[in-house]
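Let's take a walk through a protein model together. Have a look at the sequence and the fold, then read on.

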Amino acid sequence: MTATKSSGSGAPINVLFVCLGNICRSPMAEGVFRNVAASHPLIGEIDSAGTGAYHTMEPPDSRTMSTLRKHGITDYNHAARKVTKEDFLTFDYVIAMDKWNLTDLLELREAVAKKSGNDKVADVRLFGDFGPGGKLNERVGGGEVVKDPYYGGVNGFEEVYKQVTRFSQGFVEHLEKKQQN
Ligand code: 4NP
């Protein structure tokens, strides 16, 4: 990873999606967001990671990949990795799928901010905090959660796909609105 956090300097915005295992939800979010934000001038590096290391170096779950393929996203690949403290300095946004991820990420953020200064550290948000029309939930973590589909059927993955598609659009709209102000 050679990206550097843009710090509001007009440089492209780097985005990291995070779930627990980095094999189901955050790769779905990454694959969809890459598609939604393809070549968008505001967006820089896009990646995903897990708060746990259980599946390090594994490819995404086959149900994530088949759901992406079903929706025409055929060029995505990824190897699972655990989120690092360094990520909070290279990404502008670290985006959680559920409240467990969010709590873990806010704790890590706090530790990095103590050392590096609050303004240098990524914004941590729940993906569902980004609503339609670019509206940002006033409370961090106040939005919709993306539930873990791992132990369920393929329908759960379809639901994850629909949610992350909506949130990706809301997030891009939010960044566009922010840029205009
Ligand atoms: P994810 O789903 O956090 O959406 O990648 C999970 C995948 C695997 C496990 C937990 C959640 N696991 O415990 O193995």
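In helix 4, the buried residues are Asn101, Leu102, Leu105, Arg109, Val112 and Ala113. Seen down the helix axis, these buried residues fall within an arc of 100 degrees, so they line one face of helix 4. (The arc is taken from the directions that run from the helix axis to the C-beta atoms.) There's a handy rule behind this kind of pattern: an α-helix has 3.6 residues a turn, so residues three or four places apart point the same way.

"Buried" here means under 20% relative accessible area, "exposed" means over 50%, and "partly exposed" is in between, using a 1.4 Å probe and protein chains only. Helices (H or I, at least four residues) and strands (E, at least two) are DSSP runs, numbered from the N terminus.

Before going further, a word on where this comes from: it's a predicted model, so local features need pLDDT of at least 70 and side-chain atom pairs count only at pLDDT 80 or more, while totals for chains, interfaces and linings use all residues. Residues are numbered from 1 along each chain as its sequence is written, and side-chain values use heavy atoms, with hydrogens and water left out.

Which residues are exposed on the other side of helix 4? They are Trp100, Glu107, Lys114 and Lys115. The cover over the buried residues of helix 4 includes strand 1 (13-19), helix 1, helix 3 (87-90), strand 3 (93-96) and strand 4.

Helix 4 covers residues 99-116, which makes 18 residues. From its first C-alpha to its last it reaches 25 Å, close to the 26 Å expected at 1.5 Å a residue; the expected span is 1.5 Å times one less than the number of residues. After helix 4 comes Gly117, with a positive phi near 95 degrees.

## Asp98, a cap with a partner

Asp98 sits in the loop between strand 3 and helix 4. It caps the N-terminal end of helix 4, with a side-chain oxygen 3.0 Å from the backbone nitrogen of Trp100. Asp98 also has a polar contact of 2.9 Å with the side chain of Arg25. A polar contact is a pair of N or O atoms within 3.5 Å; within protein, one must be able to donate a hydrogen and the other to accept it, and residues adjacent in sequence count only if both atoms are side-chain atoms.

Not counting residues up to four places away in sequence, Asp98 touches Arg25, Leu126, Val145 and Val146, where contact means heavy atoms within 4.5 Å.

## The annotated spot

UniProt, in an unreviewed entry, places the feature "active site" at Cys19, Arg25 and Asp148. They span 130 residues in sequence, yet no two of their C-alpha atoms are more than 8.6 Å apart, so they gather at one spot. UniProt positions follow the numbering used here, feature names are shortened, and annotations may be inferred rather than shown by experiment.

Arg25 belongs to helix 1 (residues 25-36). Leaving aside neighbours within four places in sequence, its contacts include Cys19, Asp98, Asn101 and Asp148.

Asp148 is in the loop between strand 4 (123-126) and helix 5 (154-180). A polar atom of the Asp148 side chain lies 2.9 Å from the backbone nitrogen of Tyr150.

Here's how accessible some of these residues are:

| Residue | Relative accessible area | Class |
|---|---|---|
| Arg25 | 2% | buried |
| Asp98 | 12% | buried |
| Asp148 | 40% | partly exposed |
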